[in-house]
Amino acid sequence: MTKKCIGCGVTLQTTDKNKLGYVRENMYEKVEYCEACFKLLHYGVTRVVDKKVDESIIDNLNKEKVLYFLDISMISEKTIDILYKIKSEVYLVLNKRDLLPESVKEIKIINYIKKYYDKAKKIFIINSKNIEDVRVVYDYLIKEKIKIIYALGYTSSGKSTFINSLLKIVGKNAHILTSETPNTTIELMKIEINNKLTLIDTPGFTNHNSISNYIDLDIYKKCVSKKEIKPKIYNLQNGFMLLINDIIRIENNSDTLGLVFYLSNSLKYEKMKINRRDTLLNNEKVRINVNSNKDIVIEGLGFIKVLGSGVLDIYVPNKSIITLRDKMI
Ligand SMILES: Nc1nc2c(ncn2[C@@H]2O[C@H](COP(=O)(O)OP(=O)(O)OP(=O)(O)O)[C@@H](O)[C@H]2O)c(=O)[nH]1
Ligand SMILES: [Mg+2]
């Protein structure tokens, strides 16, 4: 019988160190995790999984119900649009509530999502690490007698974190691997919570626009939010630019604009006069018209609220990481 890693779902193998699921032969019988999951779990060693996950899992669904996870700190039109492909019942989990400032009203976020997608049977807004939040979803699923449900969503939206919390609720070992980097869950995992409820954990869809595809994953790890975002406000006058962690450069060639950054608190901002000799000019340039009705999304990082209107030149590792959406807050 094949044995699977309880962290990522991959079948364990002892033949190729460079392939997924590797464990040393003399360890095979003893271990529960593959070597890469073990290293990630105990030593925080970043695992690079060069695998793109497409949406085919949705096409293979029959009538199975779906618990769809959205990371509300980085919603983009693309991450919502995929919901329209799901033909079975969708229960929506707006996750990572704790990352947005507490002052942001939950009803506002829910109504915002409904404007884009209003077919969900139920919408929850939670922090997947918080047992009490997860218990609300658990109680609902039990009450509705939902026996089995697929956890779907983009990578890093918190599916496995949520299932680990469910396991904790019923007093079981929270064994699934979670991490800040993409592609943590690699194969489907059937997780029996108890005899009433089973969750199917799935590898999250790849966001091809995410900045995580274009920067070193160890750097990316440091750029993702881990606690409540303290928005940073900059007035960017004509002829000025902002450098963010030497990853993003934003130039204003129009009238003064207010920019409110909802990004990780650990990012460093430098404001200065536009200087052609400066860094990041070799990056790709996106010229966008901005106004106060639209947020600028930096896919994989967060978003920028705009106060005023004008034109910005944004230099990024890849053009696709900049998208616009309707203003959220
Ligand atoms: N602050 C906060 N962090 C969360 C929350 N849920 C998950 N995370 C973090 O987000 C990262 C991704 O979580 P995972 O549970 O691995 O995400 P996933 O959807 O299973 O990702 P894949 O397996 O790659 O599809 C981890 O670092 C988690 O600790 C949440 O509600 N709040
Ligand atoms: Mg996962």
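1. Let's start at a turn. Strands β13 and β14 form a hairpin with three residues between them, and Gly300 in that turn has a positive phi of about 90 degrees. Strands here, like helices, are DSSP runs numbered from the N terminus: a helix is H or I with at least four residues, a strand is E with at least two. β13 covers residues 294-298, and β14 covers residues 302-307.

2. A word on the model before going further. It is a predicted one, so local features need pLDDT of at least 70 and side-chain atom pairs count only at pLDDT 80 or more, while totals for chains, interfaces and linings use all residues. Residues are numbered from 1 along each chain as its sequence is written, with chains lettered from A and ligands numbered from 1 in the order in which they are written.

3. β13 and β14 pair in the antiparallel sense over four bridges; two strands count as paired if DSSP finds at least two bridges between them. Val297, for example, has Phe303 in β14 as its bridge partner. β13 also pairs with β16 (residues 322-326), antiparallel again, through five bridges. There, Lys294 is partnered by Asp326, and Asp295 stands opposite Arg325.

4. Is β13 mostly covered or mostly open? It is mostly covered, with four of its five residues buried. Buried means that 20 or more other C-beta atoms lie within 10 Å of a residue's own; exposed means 12 or fewer, partly exposed is in between, and the C-beta atoms are placed from the backbone.

5. Now the sheet that holds these strands. It is an open sheet of five strands, in the order β7-β10-β14-β13-β16, with antiparallel pairing. Its edge strands are β7 (232-236) and β16, each pairing on one side only. From one strand to the next, the twist averages 30 degrees.

6. β1 and β4 run parallel and are joined by five bridges, and Phe69 has Gly153 in β4 as its bridge partner.

7. Axes are lines fitted to C-alpha atoms, for helices over the stretch in contact, and angles run from 0 to 180 degrees between N-to-C directions.

8. Why is α6 described as largely enclosed by the rest of the structure? Because nine of its eleven residues are buried. Among these buried residues are Phe162, Ile163, Leu166 and Leu167. The partners they pack against include α5 (131-143) as well as β4 (148-153). After the helix comes Gly171, with a positive phi near 80 degrees.

9. Leu199 gives a close-up of this region. Leu199 lies in β6 (residues 198-201) and counts as buried because 23 other C-beta atoms are within 10 Å. Leaving aside neighbours within four places in sequence, Leu199 is in contact with Ile149, Ala151, Ile163, Leu166, Ile191 and Ile193. Contact means that the C-beta atoms of two residues, placed from the backbone, lie within 7 Å. Leu199 and Ile163 are 36 residues apart in sequence, yet 7.3 Å apart in space, C-alpha to C-alpha.

10. Lys108 counts as exposed because it has 11 C-beta neighbours inside 10 Å. Lys108 and Met328 are 220 residues apart in sequence and 8.0 Å apart in space, C-alpha to C-alpha.

11. Finally, ligand 1. Of the 26 residues around ligand 1, Gly158, Ser160, Thr178, Thr185 and Gly204 come nearest; a residue is near if its C-beta atom, placed from the backbone, lies within 6 Å of the molecule. Helix α6 (residues 159-169) supplies the largest share of this shell, three residues. By class, the shell has four nonpolar, 16 polar and six charged residues. Nonpolar covers Ala, Val, Leu, Ile, Met, Phe, Trp, Tyr, Cys and Pro; charged covers Asp, Glu, Lys and Arg; the others, Gly among them, are polar.
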